[in-house]
Amino acid sequence: MTEAKKRTIADAAEMIVGGYAFLRKDDNITIVNLNRDDEHVMVITKDGKMLESSMDPIEQVIALKKWKENAQFMEDEIA
């Protein structure tokens with residue numbers, strides 16, 4: 001992922017925690033690992049159920065943990 005694409009994702013994110021950008025898309029949350037050069041993305045529901053992912057299993061656990069610990073910092077309708 002280019003630096004320009006990382007900046008674009010970071011600018012669009014509603015929250016960034018530990019290098020993971022959290023973006024709202026419709027009723028779901030897209031999580032992007034900004035620390036990786038290749039795209040590692042996971043899509044989850046508001047309650048944290050994984051819908052799809054290109055992350056490895058350990059990275060999925062880390063991203064979901066960051067979501068659960070910080071979801072309240074996104075807009076009230078999600079938290």
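A63 touches Y20, F22, I31, M42 and M55, leaving aside residues up to four places away in sequence, where contact means heavy atoms within 4.5 Å. This is a predicted model in which local features need pLDDT of at least 70 and side-chain atom pairs count only at pLDDT 80 or more, while totals for chains, interfaces and linings use all residues. Residues are numbered from 1 along each chain as its sequence is written, and side-chain values use heavy atoms, with hydrogens and water left out.

**Residue A63**

- A63 lies in helix α2, residues 57-70; helices (H or I, at least four residues) and strands (E, at least two) are DSSP runs, numbered from the N terminus.
- With a relative accessible area of 0%, A63 is buried, a term that stands for under 20% relative accessible area, whereas exposed stands for over 50% and partly exposed for values in between (1.4 Å probe, protein chains only).
- Between the C-alpha atoms of A63 and R24, which are 39 residues apart along the chain, the separation is 15 Å.

**Helix α2**

- From its first C-alpha to its last, the 14 residues of α2 reach 20 Å, close to the 20 Å expected at 1.5 Å a residue, the expected span being 1.5 Å times one less than the number of residues.
- The buried residues of α2 are E59, Q60, A63, L64, W67 and N70.
- These residues cover an arc of only 145 degrees around the axis, which puts them on the same side of α2; the arc is that of the directions from the helix axis to the C-beta atoms.
- On the other side of α2, the residues P57, I58, V61, K65 and K68 are exposed.
- The cover over the buried residues of α2 includes β1 (15-17), β2 (20-25), β3, β4 and β5.
- At the N-terminal end, D56 caps α2, with a side-chain oxygen 3.2 Å from the backbone nitrogen of I58.

**Strand β4 and its partners**

- Strand β4 (residues 41-45) is largely enclosed by the rest of the structure, because four of its five residues are buried.
- Strand β3 (residues 28-33) and β4 run antiparallel and are joined by five bridges, and two strands pair if DSSP finds at least two bridges between them.
- V41 in β4 is the bridge partner of V32.
- β4 and strand β5 (residues 50-53) also run antiparallel, joined by three bridges, and M50 in β5 is the bridge partner of I44.
- The hairpin of β4 and β5 has four residues between the strands, and in this hairpin G48 takes a positive phi near 90 degrees.

Technical notes: Polar contact = N/O pair within 3.5 Å; in protein donor to acceptor, adjacent residues only side chain to side chain.
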